[in-house]
Amino acid sequence: MTSPSSSSSDTDAPASVPAKVKKEALGWMEWIRGWLYLAYEMLFQRIMASHLQNPLPLPPLDDVTCVITGSTSGIGRETARQMAQAGAHVVMAVRNTKAAHELIRKWQDEWSGMGLPLNIEVMELDLLSLESVVKFSEAWNARLGPLHVLINNAGIFSIGEPQKFSKDGYEEHMQVNHLAPALLSVLLLPSLIRGSPSRIVNVNSIMHQVGFVDTEDMNVTSGKRKFTSLVGYSSSKLAQVMFSSILHKKLPAEAGISVICVSPGIVQTNVARDLPKIVQTGYRLIPYFIFNAEEGSRSSLFAATDPQIPEYCELLKTDEWPVSAFISQDCRPTNPSEEAHNLETSYRVWEKTLQMVGLPSDAVEKLLEGEDISCKFGAQQHQD
Ligand SMILES: NC(=O)c1ccc[n+]([C@@H]2O[C@H](COP(=O)([O-])OP(=O)(O)OC[C@H]3O[C@@H](n4cnc5c(N)ncnc54)[C@H](OP(=O)(O)O)[C@@H]3O)[C@@H](O)[C@H]2O)c1
């Protein structure tokens, strides 16, 4: 794999460099370019990915333990099934545990006679509750076992819905797609260190290209921007890329943890469940352009298992590349948006995120030194 070609001459500068005038919105050119990327992906993703097999062949994963969020539906469900069939110990981290148990029964039946029973278990995790994230992480870390792959797959895109807030007070797209996965990634670092070489795979989206993050208005309530589900979704996905870039920088090579964002392509899943029925029907009528879930799971599976990924992430680190690895729907390294290269904003997103999820600003440094940290949302849980 080679580094993606640079699209931006923007800041390789550390946070200490004097801030430029703060951007209030995405520039018109960036916005148009973002939408063109989206249209291009929609029309040509199948051609771009024509070199890939479906399903993606996986290496034996018998020694791999993997946590996959949102594995009851769509891309996460396919990822969980295929990783388990390749031999991995898969933990389905889901809010609907009944649906997950039913899926496991179905998969075991289908797999019967083809090898050892699948090694899958279910643990409850509701990303709309940061307390649930802390509870999940504490339960997992208490096992004192290794975690080799964390796939932050769960996500929402509540198209056309009014703005909603979690009980923690955060806009729901921002919480489910960025804040909760960020908290989970940091809190699981002790297990990921035990599993090193290990990986954090964030299922992102080409839609980050049209996103903009205002760290003073993460909930989009100031009135500076009008909230739409598109604004909520694209901002949350860009925030995830920016947070991943700083996490990637803060993890030293010795920690052996690769941080990767992936774009699954445009995939027929339940993500469009909130679209009007007529649009959903239209969606189904264009199967040539849209991936099925198996095709859409390939970039996640690639990022989770390809042997060259750690080396590639290291290369980006050595080159002081401003963004973490980003793998496109055709399983090739690509460049996230120009705005994602803005290191000043990425550092602001990092700080703001840690503050919002109730972690100290030196959480990662402390965990790397083997120290304990506490999360504000865990404290609530212990008081109950
Ligand atoms: N489909 C696409 O075209 C597309 C394109 C780009 C990126 N993506 C990204 O791919 C990822 C997977 O989406 P998908 O297309 O497979 O959609 P999906 O079929 O709707 O699956 C989303 C999964 O996330 C889970 N989830 C939602 N809210 C949750 C919460 N509060 N706590 C825990 N789990 C929660 C859902 O659980 P329930 O079943 O319980 O609701 C479901 O298992 C998302 O991050 C999405 O943004 C999708």
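Visitor: How many of the 14 residues of helix 12 are buried?

Guide: This model is predicted. A residue counts as buried if 20 or more other C-beta atoms lie within 10 Å of its own. By that criterion 10 of the 14 residues of helix 12 are buried, so the helix is largely enclosed by the rest of the structure. Among them are Leu343, Tyr347, Trp350 and Met356.

Visitor: Against which elements do the buried residues of helix 12 pack?

Guide: In general, an α-helix has 3.6 residues a turn, so residues three or four places apart point the same way. Here the buried residues of helix 12 pack against helix 5 (172-187), helix 7 (229-250) and helix 13 (363-368).

Visitor: What span should helix 12 have, and how far apart are its end C-alpha atoms?

Guide: The expected span is 1.5 Å times one less than the number of residues. For helix 12 (residues 343-356) this gives 20 Å, and the end C-alpha atoms are 20 Å apart, which agrees. Just after helix 12, Gly358 takes a positive phi of about 75 degrees.

Visitor: Which residues come nearest to the ligand?

Guide: Of the 28 residues around the ligand, those are Gly70, Gly74, Gly155, Thr269 and Asn270. Helix 2 (residues 74-85) supplies the largest share of the shell, three residues. By class, the shell divides into 14 nonpolar, 12 polar and two charged residues.

Visitor: How many helices and strands does the protein contain?

Guide: The secondary structure comprises 14 helices and seven strands. Of the 384 residues in the protein, 47% are buried. Among contacts between residues at least 6 apart in sequence, 80% join residues at least 24 apart.

How values were computed
Residues numbered from 1 in each chain as written. Predicted model: local features only at pLDDT ≥ 70, side-chain atom pairs only at ≥ 80, totals over all residues. Near = placed C-beta within 6 Å. Helix = DSSP H or I, 4+ residues; strand = E, 2+ residues; numbered from the N terminus. Nonpolar A, V, L, I, M, F, W, Y, C, P; charged D, E, K, R; others polar. Buried ≥ 20, exposed ≤ 12 C-beta atoms within 10 Å, placed from the backbone. Contact = placed C-beta atoms within 7 Å.
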